[in-house]
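I opened a new structure today and kept notes as I went. Here is the page I worked from.

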Amino acid sequence: MNLASPAPTVEQAEAAPAPREASARANHALQSEAVQVEPAPRVDAATPVDDPRSHAPANVVTAATKSMEQAQQELGVEAFRALSPAGKLDFESYAAVIRGGPQKNIFRKCLPCVFDERDFVAYGEVKHFVGVLGQSCIVYAEETSQKPYYAIDLTQFTALQEDSDNPDPQSWTISPDPDTNRQRRSLVNILLKTKKERKQAFQFTFDTEDDPSLAKRFLDVVTATKNTKEKVVDGVLVEEGKGSKTTM
């Protein structure tokens, strides 16, 4: 049987002592001069350089609508209701409101079958409070707003309800379903078109989940404006050809 050779004898290990180092010394901190802080210069309060509403989608509004906007600058929701002898508006509700239609480039105009994809926007991004009295429709941020965004002379436009299965090429798709990219059935679009060019001036989208008649009632009120002569002018409800009826 073969056995391994025994390990050779080695000398005992010896460790050399660590070298002695001089003690570390830190210099004393030098005294510096006191810091003097000057107060920030006084500046004027920040003011916007333009109207933030001008950054909304493209505006297609007639001169009559613009003049109404100027006239209703101080008319809050409660003041608007107070103009009615009955103390209530012909119609009021929250809705998604967009001025004008989507901007289309040259490809979308010339080759709609290829490039005409729908434009989407979330309902909450364009949700506003809408009130109608006579021929006047006023759009607010909230029901408690003291000032409107703008006013619309309903006599300048033709109203129609959009077919959800065949959407208008000038309309927006509001809060589309992620599976189909189509607008939810409960969201109903009422479009205001210019009478001559048939261009989209405004889009009102109503959530009819809790009230199926909401969009239809708005459409009926707008359609009926051709039979009424009442409108709000300079904060006064007047009838064409007559004097003022109710003031703020």
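These entries cover a sheet, one of its strands and some salt bridges.

**Entry 1: the model**

I noted first that this is a predicted model. I kept that in mind for every value below.

**Entry 2: the sheet**

I looked up the strand order. An open sheet of 7 strands runs β5-β4-β3-β1-β9-β8-β6, and the pairing is antiparallel. Which strands stand at the edges? They are β5 and β6. Each has a single partner strand, so one side of each has no neighbour in the sheet. I also looked up the turn between neighbours. On average, neighbouring strands of this sheet are turned by 35 degrees against each other, direction ignored.

I reminded myself how strands hold on to each other. Strands of a sheet pair through backbone hydrogen bonds, either parallel or antiparallel.

5 bridges join β6 to β8, in the antiparallel sense. Phenylalanine 157 has threonine 194 in β8 as its bridge partner.

**Entry 3: strand β4**

I moved to β4, residues 136-140. Is this strand largely enclosed or left open? I found 5 of its 5 residues buried, so the rest of the structure largely encloses β4. Buried here means under 20% relative accessible area.

Next I checked where the side chains point. Ser136, Ile138 and Tyr140 point one way from β4. Cys137 and Val139 point the other way. All of them are buried.

I then looked at the partners of β4.

- β3 (residues 127-133) runs antiparallel to β4, with 5 bridges between them.
- Phenylalanine 129 stands opposite tyrosine 140 of β4.
- β3 and β4 form a hairpin, with 2 residues between them. Glycine 134 sits in the turn and has a positive phi of about 65 degrees.
- β5 (residues 150-153) pairs with β4 over 4 bridges, again antiparallel.
- Aspartate 153 in β5 stands opposite serine 136.

**Entry 4: salt bridges**

How many salt bridges does the structure hold? I found 9.

Pair one is arginine 182 with aspartate 165, with the closest N and O atoms 2.8 Å apart. Arginine 182 lies in the loop between β7 and β8, and aspartate 165 in the loop between β6 and β7, so the pair ties together parts 17 residues apart in sequence. Arginine 182 is partly exposed, at 39% relative accessible area.

Pair two is aspartate 168 with lysine 193, at 3.1 Å between the closest N and O atoms. Aspartate 168 lies in the loop between β6 and β7, while lysine 193 is in strand β8, so this pair ties together parts 25 residues apart in sequence. Aspartate 168 counts as buried at 17% relative accessibility. Lysine 193 counts as buried at 3%.

Aspartate 220 is partly exposed at 38% relative accessibility. Lysine 216 is partly exposed too, with a relative accessible area of 44%.

Note on methods. Residues are numbered from 1 along each chain as its sequence is written. This is a predicted model: local features need pLDDT of at least 70, side-chain atom pairs count only at pLDDT 80 or more; totals for chains, interfaces and linings use all residues. Side-chain values use heavy atoms; hydrogens and water are left out. Buried means under 20% relative accessible area, exposed over 50%, partly exposed in between (1.4 Å probe, protein chains only). Two strands pair if DSSP finds at least two bridges between them. A salt bridge is a side-chain nitrogen of Lys or Arg within 4 Å of a carboxyl oxygen of Asp or Glu. Axes are lines fitted to C-alpha atoms, for helices over the stretch in contact, and angles run from 0 to 180 degrees between N-to-C directions.
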